[in-house]
Amino acid sequence: MTLYILCFILFLTGLYGLLISRNIIKIVISLTIVEISIFLMLILIGYISGGIAPVIFQQEVPQHQAVVDPLPQTMVLTAIVIALATNSMILAMAIRLYKKYGTFDIHEINKLKG
Amino acid sequence: MNTEIYLTIILIIMIILALTAIHAKDLLSAVIAQGGIGYGLVICFLLLKAPDLAIVQIVAETITIIIMVAVLHDSTRFEMRCPTCRRDIINLTSALILGATLLYFFVDAISVLPPFGEHTLRMSANYVYDAIEKTGATNLVKGVLWDFRALDTLGEAAVLFTTAMGVLAILRLKGRVKNN
């Protein structure tokens with residue numbers, strides 16, 4: 001239970017950063033923190049104590065051998081790659097905004113819009 | 001039991017790094033603190049018996065840091081500071097109230113989850129014990145990813161392609177000129 005709550009506190013830290021920061025780079029960093037906490041939460045739920053990693057070198061899995069759940073790991077593997085793609089897209093937009101307005105501050109960009 | 005203690009220590013370090021990243025004055029140090037969080041996640045994955053995820057995460061984190069440093073190299077390192085206005089106080093108050101509310105409901109909600117380490121395999125029991133027979137893959141994660149749920153992977157590839165096209169369209173400096 002402690003681990004779940006700590007993981008959620010990491011999520012809340014990212015949410016706090018999203019709400020209070022005015023710099024676009026800091027907003028991207030906060031978004032990454034939120035993503036990381038969600039990945040960790042899914043893997044924490046799928047863990048089985050005493051289980052082996054879902055990589056098997058013999059040809060047979062014995063029925064009594066506990067194996068860590070491979071399904072959340074698969075979904076998180078997909079999510080990590082998509083998070084990387086969306087992050088790079090946000091950063092591309094940020095660099096175009098900087099070229100146009102000369103600042104990363106969202107309040108300044110709001111003032112300067114023509 | 002040992003795993004739980006190590007994970008607790010790493011998570012506390014990650015939370016401290018997150019607060020550092022959010023409050024840093026220099027954007028480059030914020031990016032480095034975020035890299036620390038990502039590499040902490042790699043250690044957590046290794047402790048939680050997920051080696052594939054650790055490999056993917058270490059690559060993804062490195063690429064993210066390289067892109068962020070490239071963006072900062074092209075622009076400014078320092079965050080512009082202006083005096084706190086009323087809007088900042090409203091933002092801070094709403095963030096704290098939202099966080100407290102969400103934490104209350106989360107603590108209420110996780111009572112139905114199984115405790116840490118006592119998860120039971122429900123739908124993936126088939127995947128675990130039949131994967132070798134059905135797919136021939138000894139790496140179960142790859143067996144699920146490329147065989148049982150291959151359509152999901154196709155969707156992921158489509159998302160990646162669309163994002164790459166979007167980045168290309170955003171970063172293109174000159175528009176196409178129609179010559180008549």
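**Exercise 1. Determine in which helix A:T78 lies and whether its side chain is buried or exposed.**

Solution. A:T78 lies in helix α3 of chain A, which runs over residues 70-101; helices here are DSSP runs of H or I with at least four residues, numbered from the N terminus. A:T78 has a relative accessible area of 14% and is therefore buried, where buried means under 20%, exposed over 50% and partly exposed in between, with a 1.4 Å probe and protein chains only. The side chain of A:T78 reaches the backbone oxygen of A:T74 at 3.1 Å, a polar contact in the sense of a pair of N or O atoms within 3.5 Å, of which, within protein, one must be able to donate a hydrogen and the other to accept it, while residues adjacent in sequence count only if both atoms are side-chain atoms.

Before going on, note that this is a predicted model, in which local features need pLDDT of at least 70 and side-chain atom pairs count only at pLDDT 80 or more, whereas totals for chains, interfaces and linings use all residues. Residues are numbered from 1 along each chain as its sequence is written, chains are lettered from A and ligands numbered from 1 in the order in which they are written, and side-chain values use heavy atoms, with hydrogens and water left out.

**Exercise 2. Compare the span of α3(A) with its expected value, and describe what lies at the ends of the helix.**

Solution. α3(A) has 32 residues and reaches 47 Å from its first C-alpha to its last, close to the expected 46 Å; the expected span is 1.5 Å times one less than the number of residues. Just after the helix, A:G102 takes a positive phi of about 75 degrees.

**Exercise 3. Describe α2(A) and work out how α1(A) is oriented relative to it.**

Solution. Helix α2 of chain A covers residues 24-46 and spans 34 Å, close to the 33 Å expected. Its N-terminal end is capped by A:N23, a side-chain oxygen of which lies 3.0 Å from the backbone nitrogen of A:I25. Of the 23 residues in α2(A), 18 are buried; A:V28, which is placed in this helix, is buried with a relative accessible area of 1%.

Two packed helices are described by the angle between their axes and the distance between the axes. The axes of α1(A), residues 2-20, and α2(A) come within 8 Å and cross at roughly 165 degrees, the axes being lines fitted to C-alpha atoms over the stretch in contact and the angles running from 0 to 180 degrees between N-to-C directions. The two helices are therefore roughly antiparallel, since angles over 145 degrees count as such, those under 35 as roughly parallel, 65 to 115 as roughly perpendicular and the rest as oblique.

**Exercise 4. Find what phi B:K49 takes and where this residue lies.**

Solution. B:K49 has a positive phi of about 60 degrees although it is not a glycine. B:K49 lies in the loop between α2 and α3 of chain B, and with a relative accessible area of 29% it is partly exposed. At the start of α2(B), a side-chain oxygen of B:D26 reaches to within 3.1 Å of the backbone nitrogen of B:L28.
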